[in-house]
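Morning, everyone. Let me put the model up, and then we'll walk through a few spots.

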Amino acid sequence: MFGIEHEEPTIKSTRDASGRSKKLSRFEQILLTLTFFTNAFDYGYIATIFGVTRKVVGLCIKGWAPHFREVGYHMARLSLTKDFLDETYPTAYHDLDFTNPVATVVDGTDVPMDTVRTDRYVSISQSSNKIKNSAARGITWSSPMGLVHEFTDPFFARASEKAIVKLWASEGRFVDLPDGYLVSGDKGFDKTSGFYPKYNPVIHPAFLTGGDGAQFSVEQMGWNRKACKNRYTSEVVFSRVKKYGGLGGIIRRHNFNYVRDMWAFAHGMANMYSCILSPHDSDYFSTSNNVEET
């Protein structure tokens with residue numbers, strides 16, 4: 001195929017006359033790093049695949065990891081426009097009939113990680129109240145159609161979701177959210193509207209008040225269903241994010257240096273998947289099943 005004849009690899013093809021590993025080409029270095037980012041394999045396993053030493057594997061990953069992080073930034077930190085949001089607004093959101101359209105869905109996730117037992121302050125900072133384990137925590141913003149447009153760097157899970165949103169929004173981000181458009185979140189993002197430059201209202205399920213034996217009213221139950229109905233898209237986004245770079249398992253201590261790089265690359269790759277919700281009568285997606293017939 002492609003005019004290339006297959007040649008079975010041998011020791012001679014991977015070692016020079018002195019028995020040392022041959023220098024990897026630029027393509028092989030990138031492929032090696034991609035193998036690490038998509039599978040989080042042990043260095044020894046990757047070294048066996050490419051016929052090099054563990055030291056060579058470490059040098060390749062160290063050199064290329066920042067570039068993979070930059071790829072993630074370009075693919076998943078995107079500017080939103082009112083026209084784009086309107087054109088890609090899913091039918092399912094139209095049916096909810098909110099007073100204003102939803103611009104973004106915000107949610108956080110915790111990824112388990114090894115506990116650092118040599119430093120008490122670090123181990124305390126790693127503690128997650130969500131999964132009851134040491135973890136890295138990050139916040140992701142995705143459009144109603146399921147496109148990631150902003151995400152934070154990973155923090156130790158002791159930091160609250162509100163604190164992370166406040167920090168991230170304080171650096172001049174989210175100025176592209178249209179005036180009046182809504183932010184959909186869970187109860188953990190209550191009272192975060194003031195963190196956004198344009199004070200975009202944050203909608204979330206109602207809180208149950210009234211003490212023991214209290215129940216939601218019919219109106220509250222109706223609102224809860226309305227506020228939560230389409231938020232599953234954020235969970236699907238996280239399921240795609242966790243397919244890459246070992247983020248679906250436990251982050252091992254020897255990979256801590258690359259958590260930020262893996263986090264960014266995984267968010268970028270999440271946008272490589274298809275849309276979650278089909279937009280309503282959209283020029284961007286002319287094959288949508290929701291296009292109205294004329």
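Start at Phe-156. Leaving out residues up to four places away in sequence, Phe-156 touches Met-113, Val-122, Ser-125, Gln-126 and Ala-135. Contact here means heavy atoms within 4.5 Å.

Before going on, some ground rules. This is a predicted model, where local features need pLDDT of at least 70, side-chain atom pairs count only at pLDDT 80 or more, and totals for chains, interfaces and linings use all residues. Residues are numbered from 1 along each chain as its sequence is written, and side-chain values use heavy atoms, with hydrogens and water left out.

Back to Phe-156. It is found in strand E4, residues 155-156. Helices (H or I, at least four residues) and strands (E, at least two) are DSSP runs, numbered from the N terminus. Phe-156 has 33% relative accessibility, so it counts as partly exposed. The scale is relative accessible area with a 1.4 Å probe, protein chains only: buried is under 20%, exposed is over 50%, partly exposed is in between. Ser-128 is 28 residues from Phe-156 along the chain, and their C-alpha atoms are separated by 8.2 Å.

Next, Thr-35, in helix H2, residues 26-39. Buried or exposed? Thr-35 counts as buried, because its relative accessibility is 15%. Setting aside neighbours within four places in sequence, Thr-35 contacts Ala-40, Phe-41, Ile-46 and Phe-50.

Now helix H11. H11 has 12 residues and reaches 16 Å from first C-alpha to last, close to the 16 Å expected at 1.5 Å a residue. That expected span is 1.5 Å times one less than the number of residues. How many of its 12 residues are buried? The count is 11, so H11 is mostly covered. Among them are Asp-261, Trp-263 and His-267. What do the buried residues of H11 pack against? The list is H2, helix H4 (54-76), strands E1 (102-112), E2 (135-142) and E3 (148-151), and H10.

Take that last partner. The axes of H10 (residues 232-241) and H11 (residues 259-270) come within 8 Å and cross at roughly 120°. Axes are lines fitted to C-alpha atoms, for helices over the stretch in contact, with angles from 0 to 180 degrees between N-to-C directions. The two helices are therefore oblique to each other. Oblique is what remains after under 35 degrees (roughly parallel), over 145 (roughly antiparallel) and 65 to 115 (roughly perpendicular). Which residues meet? From H10, Val-237, Arg-240 and Val-241; from H11, Ala-266, His-267 and Ala-270.
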